[in-house]
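The entries follow the order in which I looked things up.

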Amino acid sequence: MESPQNAEVNQEKPLAEQIRIALENSKDWKPIGYERKLKQKEILDNLPADLEGQIKKIASTSRPEELRGRIAGESFEQIVRSDKNICPEAETPEARIVRSIMKDPSEYRLDLYGITEGVRVLDFAHMNQDEQFDRATEVKATQVDPRVIDQLKKFKENLIRVVNILEDLKSKDNQILLDRGLKEIANNPKKMEVAENFAITLAVPHGTYQGVSGLLIDEESFDHDNDEIEDAVETLETCTIIESQFSRKDLGTITNCVMDWLQKEMPEIVPQEL
């Protein structure tokens with residue numbers, strides 16, 4: 001059933017425009033203030049031109065029971081990527097490929113060369129002009145659980161390991177990388193490295209952080225173990241935490257809008273009861 005706030009949305013408009021209209025029609029949007037509304041509009045204007053295709057790809061590879069959660073996560077990630085305050089530059093092809101290799105090395109047949117096990121990766125990695133990975137961003141719409149803490153702790157170590165293996169292959173036998181479709185890395189004359197001052201940003205919804213790391217912790221997922229919770233807070237405090245211009249209520253409105261759009265675009269995959 002179509003969400004009330006989306007009742008006036010024209011399905012022929014681009015999805016980004018439909019999201020903007022849905023937000024404007026939401027009762028939660030009206031009181032937020034002119035400045036934040038303006039910043040939200042700038043972010044929505046920066047959403048990628050292929051947003052519809054990316055959303056459809058997520059829908060076509062999701063089980064029905066996980067679809068809404070994945071759409072919510074993907075929608076927030078696209079918003080964060082389009083927010084110049086959080087991600088000033090686009091992710092380079094090399095950075096995107098390295099993250100992909102870390103996540104699923106078997107896709108690139110690199111298990112014979114020491115990259116044998118996929119790891120959970122952060123959502124965005126940035127390389128500077130010297131081909132150094134200098135920061136990465138994790139996008140988290142919900143509270144932080146032990147899995148996220150583990151990601152934040154291990155990402156730099158895992159990134160260094162994979163970058164070193166790829167650079168070793170490039171120097172010894174460049175054809176191995178070319179044979180696996182990794183021309184962006186193979187043909188790059190500069191050496192990839194991980195900067196000593198590598199930093200991690202955690203992007204969260206508006207109003208969830210308020211300068212207090214403990215507010216981001218899902219204590220139940222840590223079985224209310226005070227030592228583990230304290231360790232999680234310490235890990236978060238090593239990150240730069242930035243609040244998005246969009247609150248969890250805004251993200252709920254956006255998710256409803258995208259699900260309504262999907263139900264019309266892909267009725268065979270997204271049944272009305274979802």
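**Strand pairing**

I looked up Ala203 and found it opposite Ile242 in β4. I am working on a predicted model. I then checked the two strands: β3 (residues 193-204) and β4 (residues 240-243) pair in the parallel sense, over four bridges. Together with helix α9 (residues 226-236), β3 and β4 make a right-handed β-α-β unit.

**Cysteines**

I searched for disulfides and got zero. Cys239 is in none; its nearest cysteine sulfur belongs to Cys87, 14 Å away. A disulfide needs the two sulfurs within 2.5 Å.

**Nonpolar cores**

I listed the largest nonpolar core and found 46 residues. Those with the most contacts inside it are Val98, Ile101, Phe133, Leu159, Leu166 and Leu236. Elements that give two or more residues to this core include α5 (93-103), β2 (132-139), β3 and α9. Which element gives the largest share of this core? I found that α6 does, with ten residues.

Leaving out residues up to four places away in sequence, Val98 touches Phe133, Leu159, Val162, Val163, Leu166, Ile185 and Met192. A second, separate core has 34 residues, including Ala59, Ile79, Ile242 and Val270.

Methods
Residues are numbered from 1 along each chain as its sequence is written. This is a predicted model: local features need pLDDT of at least 70, side-chain atom pairs count only at pLDDT 80 or more; totals for chains, interfaces and linings use all residues. Side-chain values use heavy atoms; hydrogens and water are left out. Two strands pair if DSSP finds at least two bridges between them. A crossover is right-handed if, with the strands pointing away from the viewer, the path from the first strand over the helix to the second runs clockwise. A nonpolar core is a set of buried Ala, Val, Leu, Ile, Met, Phe, Trp, Tyr and Cys residues joined through side-chain atoms within 4.5 Å. Buried means under 20% relative accessible area, exposed over 50%, partly exposed in between (1.4 Å probe, protein chains only). Contact means heavy atoms within 4.5 Å.
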